[in-house]
There are 2 protein chains.
Amino acid sequence: MSESAPRPTLEAVAARAGVSRATVSRVVNGSDGVREPLAERVRRAVDELGYVPNQAARSLVTRRHDAIAVIVAEPETRVFADPFFARQLRGISKELTAHDNQLVLLLTEDRDDHARVARYLAGGHVDGALVFSLHIDDPLPGLIQRAGLPTVFGGRPHWNGGEDGVRYVDTDNRGGARDAVRHLLGLGRRRIAHITGALDQTSAVDRLDGFRDVMADPDPALVEEGDFTAAGGERAMRALLARRPDLDAVFAGNDLMAAGALRALREHGRRVPDDVAVVGFDDMLPIAEQTEPPLTTVRQDIEEMGRLMARMLLRDLDRGTAPAETDGTGPSGVVLPVTLVRRDSA
Amino acid sequence: MSESAPRPTLEAVAARAGVSRATVSRVVNGSDGVREPLAERVRRAVDELGYVPNQAARSLVTRRHDAIAVIVAEPETRVFADPFFARQLRGISKELTAHDNQLVLLLTEDRDDHARVARYLAGGHVDGALVFSLHIDDPLPGLIQRAGLPTVFGGRPHWNGGEDGVRYVDTDNRGGARDAVRHLLGLGRRRIAHITGALDQTSAVDRLDGFRDVMADPDPALVEEGDFTAAGGERAMRALLARRPDLDAVFAGNDLMAAGALRALREHGRRVPDDVAVVGFDDMLPIAEQTEPPLTTVRQDIEEMGRLMARMLLRDLDRGTAPAETDGTGPSGVVLPVTLVRRDSA
DNA sequence: CCCGGCGGCGAGAGCGCTCTCGCCGCGTGC
DNA sequence: GCACGCGGCGAGAGCGCTCTCGCCGCCGGG
């Protein structure tokens with residue numbers, strides 16, 4: 001049992017079908033130029049023997065692996081605290097398997113891992129990379145760029161301005177923030193506060209920018225930096241209430257912080273949404289539905305984001321041309337739309 | 001740039017160091033039998049050229065891939081609704097990278113995917129598999145067994161009784177349930193209800209068994225089947241309240257259902273923990289901390305579970321012997337301990 | 001009827017590595 | 001001092017595949 005029969009080779013199939021290896025190869029790889037009766041004989045031999053091509057041998061000559069790396073830089077545990085990651089992976093996985101590509105997952109935690117990842121990528125095991133790098137000081141993007149691998153980023157990378165043609169897929173963080181704040185204005189709120197995410201991440205910065213777009217010249221006392229965690233949101237909310245007890249709405253940079261803010265508000269006897277309206281961001285389930293009251297928030301389609309990243313990368317690979325250049329056929333970055341989901345908190 | 005220099009081969013390193021390919025191979029693979037001055041010369045040549053072995057060529061002859069597949073069967077979206085999956089992956093990833101193995105992720109959703117997975121595994125791209133299969137009717141375990149690949153399951157598989165030597169890592173669901181119920185008894189509660197998980201999953205069955213262990217002969221009216229979701233927990237709680245308005249405690253099969261139960265209890269004006277004490281299972285963060293009140297629950301070390309699965313598989317691979325047999329060096333299955341985390345709900 | 005062209009197929013080289021085998025040079029024992 | 005043994009290293013085969021090249025047979029045109 002453990003000593004299973006040796007896997008059949010191309011040679012074996014060729015022998016059984018009475019043809020040459022080359023012909024079997026042609027049939028297996030679906031190239032034309034094999035006449036029907038012969039092709040059929042080969043196909044029969046293939047299933048009779050249960051032949052499956054040896055990918056290692058194939059890669060050795062084609063220099064393709066039909067595998068892409070998904071690299072998740074995770075200096076903090078944030079990524080794992082929420083289900084984002086899983087959803088994105090799911091989207092990526094769907095798209096990759098639809099194109100017969102494998103997904104090699106690389107999770108990095110500290111600087112040591114970076115070297116390992118760089119080595120792996122340089123080792124030419126994969127045809128491309130999908131990278132989630134959150135923080136501004138992350139050396140990973142640079143390392144990957146140097147490895148010369150076609151790459152698509154999840155979320156707009158920080159140094160986007162510097163290099164051109166960096167491929168990425170992002171959420172419309174700024175537009176979503178504008179929607180959220182406009183919604184609050186529409187409810188008649190005027191003293192609207194904002195709890196930002198960790199400002200070393202572009203998503204947090206973009207959401208803050210969106211807030212500012214609508215609020216024009218917001219009172220600085222109405223902006224407090226959080227860190228994307230519930231505890232951080234709670235702390236920020238308390239600080240805001242201390243400074244501006246008369247605030248009547250708050251736009252939190254994500255749902256986790258909104259949940260924290262909700263607790264602080266409850267603690268201070270503020271009713272939501274009557275006294276203070278709250279809007280979150282992400283529509284992170286089940287959190288957003290489980291808060292008291294359920295959260296009005298900005299929904300992003302995480303799975304679609306993953307799918308799009310994969311699609312973008314595969315297209316670059318197919319084109320086989322300089323991936324680091326925009327060639328007019330597609331934008332360097334794609335920004336996905338968001339939608340406001342109204343629940344009870346605002 | 002896109003046309004990067006061709007990667008140096010063993011041959012090139014050998015030429016530069018003035019030795020044969022075989023010698024370079026020996027040095028690179030750390031086998032002894034190369035004297036120091038020579039070995040040093042080879043090492044220098046390796047870094048000067050930036051040589052990285054071609055894994056495809058190596059696999060072709062060694063028949064090892066130093067890669068294992070992680071297969072997540074996910075007929076429903078449950079796995080993605082909670083952060084379990086990510087944590088397990090993290091544990092697996094850590095252990096694998098520590099042993100220079102790659103992680104190939106296969107997400108399956110429907111039956112079509114099964115064929116694809118089976119084909120992939122049969123294709124001999126990986127040395128082993130780690131499988132998360134939740135449901136009782138899942139054909140995946142059978143397919144994998146047939147592929148003859150060394151495999152370790154996450155969670156006790158259903159047909160464990162049938163086949164012997166199936167390797168798995170599980171949480172002490174039954175013991176944890178006992179701890180939870182005993183805790184409630186210790187608080188003086190007597191009319192303790194249980195909301196089960198989906199009973200086609202061993203974890204749900206085991207937790208129910210633990211509940212029964214302690215409650216001896218529980219009133220059937222105090223047991224209601226849920227489905228591991230918050231909505232299901234809410235529904236189940238309502239049913240329980242309708243049947244037994246006098247219940248004074250509830251042990252929910254997981255934290256999500258506990259959160260749902262909390263809502264139903266609030267809706268019915270029951271105070272927690274004063275009127276009804278609630279205990280969950282999993283210690284799923286941030287949910288368990290964010291409920292009102294924060295949840296007393298049974299914590300399992302998810303990351304450790306992943307790590308252990310990987311370790312078990314790698315050991316089986318190293319031994320290189322019949323993976324499907326217990327050989328006395330280790331148990332076929334390992335069950336991880338749990339701990340009760342006291343918060344405010346009980 | 002003959003020749004050129006073209007399409008279908010086979011032969012063979014070679015991808016980059018590992019590993020066996022055998023050679024050579026040194027040290028040791030008698 | 002000579003034979004023998006052993007350890008260090010090189011030569012070469014071969015893993016399973018792809019792909020180029022050239023051969024051969026068939027068809028059409030002159």
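In which loop of chain B is the place of B:P273?

Author: B:P273 sits in the loop between α12 (255-267) and β9 of chain B. Keep in mind that this is a predicted model.

Now follow the chain into the strand. β9 (residues 277-282) of chain B runs parallel to β8 (residues 249-252) of chain B, and 3 bridges join the two. One pairing can be named: B:A249 has B:A277 of β9(B) as its bridge partner.

Both strands belong to an open sheet of 6 strands. The order in chain B is β7-β6-β8-β9-β10-β12, and the pairing is mixed. β7 (223-225) and β12 (338-341) of chain B have a single partner strand each, so one side of each is left without a neighbour in the sheet. These two strands stand at the edges. From one strand to the next, the twist averages 15 degrees.

Two helices of chain B lie across this sheet. Helix α9 (residues 173-186) of chain B covers β6 (192-196), β8, β9, β10 (296-300) and β12 of chain B. It runs at about 165 degrees to β9(B). Helix α10 (residues 202-215) of chain B lies across β6, β8 and β9 of chain B. Its angle to β6(B) is also about 165 degrees.

Chain A has a cis bond to inspect as well. The peptide bond from A:E292 to A:P293 is cis, with omega near -5 degrees. A:P293 is placed in the loop between α13 (287-290) and β10 (296-300) of chain A. Another backbone detail is at A:R63. Its phi is near 65 degrees, a positive value in a residue other than glycine. A:R63 is in the loop between α4 and β1 of chain A.

Next, the domains. The assignment for chain A gives domain 1 (10-53), domain 2 (67-169 + 303-336) and domain 3 (173-300). The C-alpha centres of domain 2 of chain A and domain 3 of chain A are 30 Å apart. Their contact takes 10 residues from domain 2 of chain A and 8 residues from domain 3 of chain A. On the domain 2 side, the touching residues divide into 4 nonpolar, 3 polar and 3 charged.

Then the DNA. Of the 25 residues around DNA strand D, A:T9, A:L10, A:S25, B:S20 and B:T23 come nearest. The largest share of that surface, 5 residues, comes from α4(A). By class it has 13 nonpolar, 8 polar and 4 charged residues. α2 (21-28) and α4 (55-62) of both chain A and chain B each supply at least two residues.

DNA strand C has 25 residues around it, of which A:S20, A:T23, B:T9, B:L10 and B:S25 come nearest. Here α2 and α4 of chain A and of chain B each give two or more residues. α4(B) provides the largest share, 5 residues. The classes near DNA strand C are 13 nonpolar, 8 polar and 4 charged.

Last, confidence. Chain A averages a pLDDT of 88, and 91% of the residues score at least 70. In chain A, confidence is highest in strand β8 (residues 249-252), at 98. It is lowest in helix α5 (residues 78-81), at a mean of 54. Over residues 321-329 of chain A the pLDDT is below 50. Beyond near neighbours in sequence, that stretch has 10 contacts in the model.

Notes. Residues numbered from 1 in each chain as written. Chains lettered and ligands numbered in written order. Predicted model: local features only at pLDDT ≥ 70, side-chain atom pairs only at ≥ 80, totals over all residues. pLDDT = per-residue confidence, 0-100. Helix = DSSP H or I, 4+ residues; strand = E, 2+ residues; numbered from the N terminus. Contact = placed C-beta atoms within 7 Å. Near = placed C-beta within 6 Å. Nonpolar A, V, L, I, M, F, W, Y, C, P; charged D, E, K, R; others polar. Domains from an automatic or database assignment. Pairing = 2+ DSSP bridges. Axes fitted to C-alpha atoms, helices over the stretch in contact; angles between N-to-C directions.
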